[in-house]
Amino acid sequence: MGKLYCGVDFGTTNSSVAVSDGRGVRVLALDEHNDSPTSLPSLVYITRDNECIVGRLAADAFIERNVDREVILKQVDLGASIEAYVGGELDKEDGYRPPAPGQMTREAVRAHAIVEVNAPGRLFQSLKTLLRYRQFRGTEVFGTHYQIEELVAFILARMKAGVDEAAGESVERAVFGRPVRFSENDRENETAERRLRVAAELAGFKEVTFFYEPVGACVEYAMKADSRQRLMVVDIGGGTCDVCIMEFGGAHDTKTRLAESRILGVAGVPVAGDAIDRETIRRKLFPIFGSRARYGPSQLAMPQSLYNQILDWQNLYKLNNEETIHWLCAAETSSDQPEGIRRLRGLIQRNYGYVVAREVEAAKKRLSSALETRIQLEHEDVRIDERIEREEFSHIIEILLDRMLKSIEEAEARAGVKPGDIDLVLTTGGTSLIPAIRTMLEQRYDPGRIRRRDTFTSVATGLAIVAQYA
Ligand SMILES: Nc1ncnc2c1ncn2[C@@H]1O[C@H](COP(=O)(O)OP(=O)(O)OP(=O)(O)O)[C@@H](O)[C@H]1O
Ligand SMILES: [Mg+2]
């Protein structure tokens with residue numbers, strides 16, 4: 001078999017890989033268990049015996065083995081005194097936020113860890129987002145420390161195995177996509193790319209070149225059209241919204257067309273599908289879990305930090321400790337909304353964080369084709385049946401769409417072009433399927449000039465073409 005050129009799109013939610021053999025490009029099937037085998041869900045499940053499951057089966061294993069299971073937590077003394085910063089908190093959305101000066105104290109504390117005694121495994125989602133958090137170096141999974149690069153490498157290794165099988169040999173050279181901005185913070189941005197490179201090496205890709213993901217989607221389209229044109233790609237996925245404006249000449253052969261192309265401007269923000277899911281949970285489900293309840297003789301407001309933990313379902317189990325559960329029981333009996341607080345307790349005790357997040361994501365997707373749907377959960381302790389209309393949903397995500405629009409304006413400003421100067425606007429990425437996003441684009445560009453490219457594979461396809469010619 002001849003040489004294969006490889007384009008890798010490691011996504012926040014889905015990953016795909018394409019190869020070009022000089023005659024054509026094809027996207028490889030990576031996950032036979034997924035509805036669409038060419039998309040590998042970017043999920044890793046590690047069992048107690050250090051078995052690592054990647055892709056759709058990771059989600060299935062987690063649900064089958066973890067949900068509905070009673071969580072037993074134990075505080076263990078690690079037998080050492082450590083120096084610790086007290087008062088900082090890791091906010092997944094905005095990065096590490098150090099406390100205000102004076103608020104942070106450095107002190108020696110006895111090292112304790114809360115461990116789940118009976119957990120069969122841990123599931124990791126949106127690892128690409130974690131790449132940027134410099135304070136998050138890795139995590140302990142049943143006594144084995146995994147660095148963030150190693151966790152990402154599990155997914156990349158699966159992709160490499162697919163490429164090697166297609167090539168009949170080990171392919172060590174690849175063009176990787178990266179978002180325009182992993183983070184709005186420059187240092188976090190650099191950290192993320194550096195870690196992704198290390199993860200790629202660990203997976204066996206020894207020679208990696210990075211290109212912006214939306215450049216991949218631009219090239220994918222431009223190679224099929226041989227007229228001179230100015231293209232804009234808006235790629236909105238699970239973690240980032242990326243925009244790229246490129247100009248292509250009219251040359252017939254691909255190599256010349258690519259050589260004569262120019263990137264006029266790029267921009268991006270780390271706001272996409274995951275942020276939309278979180279905002280929907282915050283606005284639609286927090287009240288169902290009693291966020292507006294009052295409790296106690298003074299009718300105090302419920303602590304909102306408790307609710308923010310619902311958004312971080314991967315760590316929700318930590319709330320399942322005696323102290324919090326007793327507190328919730330007490331709050332419930334003295335509250336004006338006892339059923340909401342009971343639901344919250346069920347969510348924590350039964351480990352439903354992930355299923356709630358999945359149901360909200362599924363409802364969001366349904367709203368791309370239906371005008372209304374229901375967010376439903378039918379479990380013994382947690383019953384949810386909440387109607388949501390597309391219009392209400394569009395309103396909930398307005399503020400996030402504004403940030404995406406700013407990114408589009410920024411790309412235009414960098415390229416020095418106006419909306420009317422763009423010949424075609426190409427959309428890709430799962431989140432671009434949301435009708436409110438289409439409407440936002442139609443208000444700015446002639447609707448006849450907006451085209452949808454393959455939602456999940458256009459980036460990898462373009463990157464494979466870049467790998468061959470660039
Ligand atoms: N029909 C749909 N309507 C709305 N959102 C959708 C739809 N289908 C998928 N999504 C959302 O799209 C996102 C995944 O898209 P995609 O696979 O393009 O992201 P990604 O490439 O993994 O992420 P990124 O490029 O940001 O790293 C998820 O947030 C998913 O919920
Ligand atoms: Mg993507």
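Helix α3 (residues 148–167) lies across strands β5, β6 and β11, and runs at about 115 degrees to β5. The model is predicted. Its protein chain holds 15 helices and 24 strands. Of the 470 residues in the chain, 52% are buried. Among contacts with a separation of 6 or more, 69% join residues 24 or more positions apart.

- The strands β6, β5 and β11 form an open sheet of 3 strands, in the order β6-β5-β11, with antiparallel pairing.
- β6 and β11 each have a single partner strand and stand at the edges, so one side of each has no neighbour in the sheet.
- On average, neighbouring strands of this sheet are turned by 15 degrees against each other, direction ignored.
- β5 (residues 44–47) and β6 (residues 52–54) pair over 3 bridges, in the antiparallel sense.
- Within that pairing, Ile 46 has Cys 52 of β6 as its bridge partner.
- The hairpin of β5 and β6 has 4 residues between the strands, and Asn 50 takes a positive phi near 65 degrees there.
- On the β11 side, 4 bridges join β5 to β11 (residues 121–124), and the two run antiparallel.
- Tyr 45 stands opposite Leu 123 of β11.

**Two covered faces of β5**

- In a regular strand, side chains alternate between the two faces of the sheet.
- In β5, Val 44 and Ile 46 lie on one side, and Tyr 45 and Thr 47 on the other.
- All four of these residues are buried, and both faces of β5 are covered.

**Aromatic pairs**

- The whole structure contains 9 aromatic pairs.
- One of them is Phe 62 with Trp 313, a tilted pair at 5.8 Å centre to centre, with 55 degrees between the planes.
- Phe 62 sits in helix α1 (residues 56–66) and Trp 313 in the loop between α8 (304–311) and α9 (322–333), so the pair ties together parts that are 251 residues apart in sequence.
- Phe 62 counts as buried because its relative accessibility is 7%, under the 20% cut-off.
- Trp 313 is also buried, with a relative accessible area of 9%.
- Another tilted pair is Phe 286 with Tyr 307, at 5.6 Å centre to centre and 50 degrees between the planes.
- Phe 286 belongs to the loop between α7 (273–285) and β19 (294–295) and Tyr 307 to helix α8, so this pair ties together parts that are 21 residues apart in sequence.
- Both Phe 286 and Tyr 307 are buried.
- Ring pairs also link Tyr 45, Phe 62, Trp 313 and Tyr 354 into a cluster.
- That cluster includes Tyr 45, a buried residue of β5.

- Ser 291 lies in the loop between α7 and β19.
- Its relative accessibility is 11%, so Ser 291 counts as buried.
- Leaving out residues up to four places away in sequence, Ser 291 touches Phe 286, Met 302, Gln 304 and Tyr 307.
- Two of these contacts, Phe 286 and Tyr 307, make up the tilted aromatic pair at 5.6 Å.

**Helices α13 and α14**

- Helix α13 (residues 398–415) packs against helix α14 (residues 435–444) at an angle of about 35 degrees, and their axes are 11 Å apart.
- The crossing of α13 past α14 is right-handed.
- From α13, the contact uses Leu 401, Met 404, Leu 405, Ile 408, Glu 409 and Glu 412.
- From α14, the contact uses Ala 436, Ile 437, Met 440, Leu 441 and Arg 444.
- By type, the contact residues divide into 8 nonpolar, no polar and 3 charged.

- Met 440 is in helix α14.
- Its relative accessible area is 10%, so Met 440 is buried.
- Not counting residues up to four places away in sequence, Met 440 touches Leu 401, Met 404, Leu 405 and Ile 408.
- Leu 401, Met 404, Leu 405 and Ile 408 belong to the α13 side of the helix contact.
- Met 440 and Leu 405 are 35 residues apart in sequence, and their C-alpha atoms are 7.9 Å apart in space.

Notes. Residues numbered from 1 in each chain as written. Chains lettered and ligands numbered in written order. Predicted model: local features only at pLDDT ≥ 70, side-chain atom pairs only at ≥ 80, totals over all residues. Heavy atoms only, no water. Axes fitted to C-alpha atoms, helices over the stretch in contact; angles between N-to-C directions. Left-handed = near helix turned anticlockwise from the far one by under 90°. Contact = heavy atoms within 4.5 Å. Nonpolar A, V, L, I, M, F, W, Y, C, P; charged D, E, K, R; others polar. Phe/Tyr/Trp six-rings, centres within 6.5 Å; stacked < 30°, edge-to-face > 60°. Buried < 20%, exposed > 50% of the residue type's maximum accessible area, 1.4 Å probe, protein only. Pairing = 2+ DSSP bridges.
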